[in-house]
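These are my notebook entries on one structure. I set down each item as I looked it up.

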Amino acid sequence: MNMSTTPAGSSTLTADRDWWRGAVIYQIYPRSYQDSNGDGIGDLKGITARLPHVASLGVDAIWISPFFTSPMKDFGYDVSNYNGVDPIFGLLSDFDDLIAEAHRLGIRVMIDLVLSHTSDQHPWFVESRSSRFNPKADWYVWSDSKPDGTPPNNWMSIFGGSAWQWDPTRLQYYMHNFLTSQPDLNLHNPDVQDALLAVERFWLERGVDGFRLDTINFYFHDKQLRDNPALAPERRNANTAPAVNPYNYQEHLYDKNQPENLEFLKRFRAVMDEYPAIAAVGEVGDSQIGLEIAGQYTSGGDKMHMCYAFEFLAPDPLTPAGVAQVLHDFAKAAPQGWACWAFSNHDVVRHVSRWSLGISDHEAHAKFLASLLMTLRGSVCIYQGEELGLTEADLAFEDLQDPYGIQFWPDFKGRDGCRTPMVWDASAVNGGFGDGKPWLPVPQEHLARAVSVQQTDQRSVLNHYRRFLAFRKQYPAFAKGEIEFRPYEAPVLGFERRFGNETILCLFNMSGEATAVDRPVEKLEVLEGHGFETHLGDDKITLPAWSGFFARVD
């Protein structure tokens, strides 16, 4: 039974178990959303205060990045207590208040669970490293060295260097796929699985509507600790790690993506299914077979509801052929699965900057990208600030907080540029984020894009998001329908979305120059209310730069 602490009768949500299919999810990075107490760090009360803004967008759910107790070496992705709220973010009761207010506004709440690793300050690890024979000795991935004292194998950390750290107490190495202060849990141990499922149940009992599962394909390692083979240079890419990172030089056959994960995901799903209308989205981090893994993890209706890989989070600019290929590859890899697409998140350069080379009309480009994302087949994640068209912040080295950027500076500047505070009021101190010195500086150029500036401008990026989300909700084909691409030539991307008896033709001009295409032979009913201007002639459809065209096909 769901013993949610949300007050009875306060929710405006329906008990739709399929709500996630085609949902639009708004990601909140709590450190940078709203500071309610002047300490320079965003918090749960700040999120609650800004939920009316989220509701005004028309999204279905929020995903909140980690707010659990943590030493903050990786800003919450190093958890030292899964069932507690870190004091910098507030109290557990503040989270309960957030849930209640979100539900009152018709917004579901998903939280970010980091199950592949913990902080080295977690009591589990403190006990595990104390000896080789304690009750939790096997809760993490430990191994003896090679005879010469070197690490057990060649596995690499995403944050650079070996994935193994020597521990002088146990005289063994422990595995860490990320920072040395983030030891990997040993999910081959059933007691570890049970403990993590208890964490899942704790938050479900508090009324959460689902989870975003961090690094979902990193949960298991090869028991034999076999070396990863080298990856041919022509197969390398920077989808999941920057090009300067030697992590890209290996084919990661043994340090992640293990088949044992499927059974654990089934156990995780079984707990969710005990509660009404719960959903989970998994992050699949793999540069070579991410879509195939997403297909495995979302197949069969007994594992993840949806997953996202890094194809649209990569540096490569979008092209009509590239977009069609990603959707085609996902359909092939996951014929029974469901994707959750994102163009930006807290780990990558904001997409309006990542894909801006040679583009002069920033506003039109941002609106176009939002509309394309929200018409692809799958669910959608929007990262805070996307709705304002925020660009990547260019920070000085002395302002960096991210250990990833500090490690690889200046060739890779880390993730701080996409994590700067939200800008609410251009005339307020720190853009309305809070009165204290913010943990990251507020870029001066962001103030011109603050909510206060865009609120009353019907042509703003913010109001385009609101308008297009409202437009999208009118037609179930966008959320639930199939997709079929039409053979248009670049720069036009064309596809149909079909659901039931409804077929909607979508055309996008993916260039900064006006273009025209032949009018289809089918009868078209042009759809309005999306914010784009197009011209339907007797034989041509004219598309302005960075624009979309939508019509019901009879």
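Where is Asp214 found? I located Asp214 in the loop between strand 9 (210-213) and helix 6. Here helices (H or I, at least four residues) and strands (E, at least two) are DSSP runs, numbered from the N terminus.

Before going on, I noted that this is a predicted model, in which local features need pLDDT of at least 70 and side-chain atom pairs count only at pLDDT 80 or more, while totals for chains, interfaces and linings use all residues. Residues are numbered from 1 along each chain as its sequence is written, and side-chain values use heavy atoms, with hydrogens and water left out.

**Entry 1**

I then listed its contacts, leaving aside neighbours within four places in sequence: Tyr77, Asp112, Leu113, Val114, His117, Tyr219 and Glu283. Contact means heavy atoms within 4.5 Å. For Val114, I recorded a C-alpha to C-alpha distance of 5.1 Å from Asp214, against a separation of 100 residues in sequence.

**Entry 1: positive phi values and cis peptide bonds**

Most residues other than glycine have a negative phi, and most peptide bonds are trans. I therefore looked for departures from both patterns.

In the loop between strand 9 and helix 6 I found Leu225, whose phi is positive, near 55 degrees. Leu225 has 16% relative accessibility and so counts as buried. Asn257 is found in the loop between strand 9 and helix 6 as well; its phi is near 60 degrees, again positive in a residue other than glycine. At 17% relative accessibility, Asn257 is also classed as buried.

For the peptide bonds, I noted a cis bond from Trp409 to Pro410, with omega near 0 degrees. Pro410 lies in the loop between helix 11 (403-408) and helix 12 (444-447). A cis bond also joins Ala490 and Pro491, with omega about 15 degrees. Pro491 sits in the loop between strand 14 (482-486) and strand 15 (492-499).

Two packed helices are described by the angle between their axes and the distance between the axes. Axes are lines fitted to C-alpha atoms, for helices over the stretch in contact, and angles run from 0 to 180 degrees between N-to-C directions.

I found that the axes of helix 5 (residues 190-205) and helix 6 (residues 261-272) come within 10 Å and cross at roughly 30 degrees. That makes helix 5 roughly parallel to helix 6; angles under 35 degrees count as roughly parallel, over 145 as roughly antiparallel, 65 to 115 as roughly perpendicular and the rest as oblique. On the helix 5 side, the contact is made by Pro190, Gln193, Asp194, Leu196, Leu197, Glu200, Arg201 and Leu204. Helix 6 contributes Phe264, Arg267, Phe268, Val271 and Met272.

**Entry 2: helix 7 and its packing**

Helix 7 (residues 290-298) and helix 8 (residues 320-333) have axes 8 Å apart and pack at about 40 degrees. That angle makes helix 7 oblique to helix 8. Leu291, Glu292, Ala294 and Gly295 of helix 7 meet Val326, Asp329, Phe330 and Ala333 of helix 8.

I recorded helix 7 as mostly covered, with seven of its nine residues buried: Gly290, Leu291, Ile293, Ala294, Gly295, Tyr297 and Thr298. These buried residues pack against helix 6, strand 11 (306-308), helix 8 and strand 12 (340-342). Just after helix 7, Gly300 takes a positive phi of about 85 degrees.

**Entry 3: aromatic pairs**

My search of the whole structure gave 45 aromatic pairs. Rings of Phe, Tyr and Trp (its six-membered ring) pair if their centres lie within 6.5 Å; planes under 30 degrees apart count as stacked, over 60 as edge-to-face and the rest as tilted.

I examined Phe508 and Phe550, an edge-to-face pair at 5.6 Å centre to centre with 80 degrees between the planes. Phe508 lies in strand 16 (residues 502-509) and Phe550 in strand 21 (residues 547-553), so the pair ties together parts that are 42 residues apart in sequence. Phe508 is buried at a relative accessible area of 0%, and Phe550 is buried with 0% relative accessibility. Both belong to one aromatic cluster, which includes Phe368, Phe468, Tyr475 and Trp546.

Notes. Buried means under 20% relative accessible area, exposed over 50%, partly exposed in between (1.4 Å probe, protein chains only).
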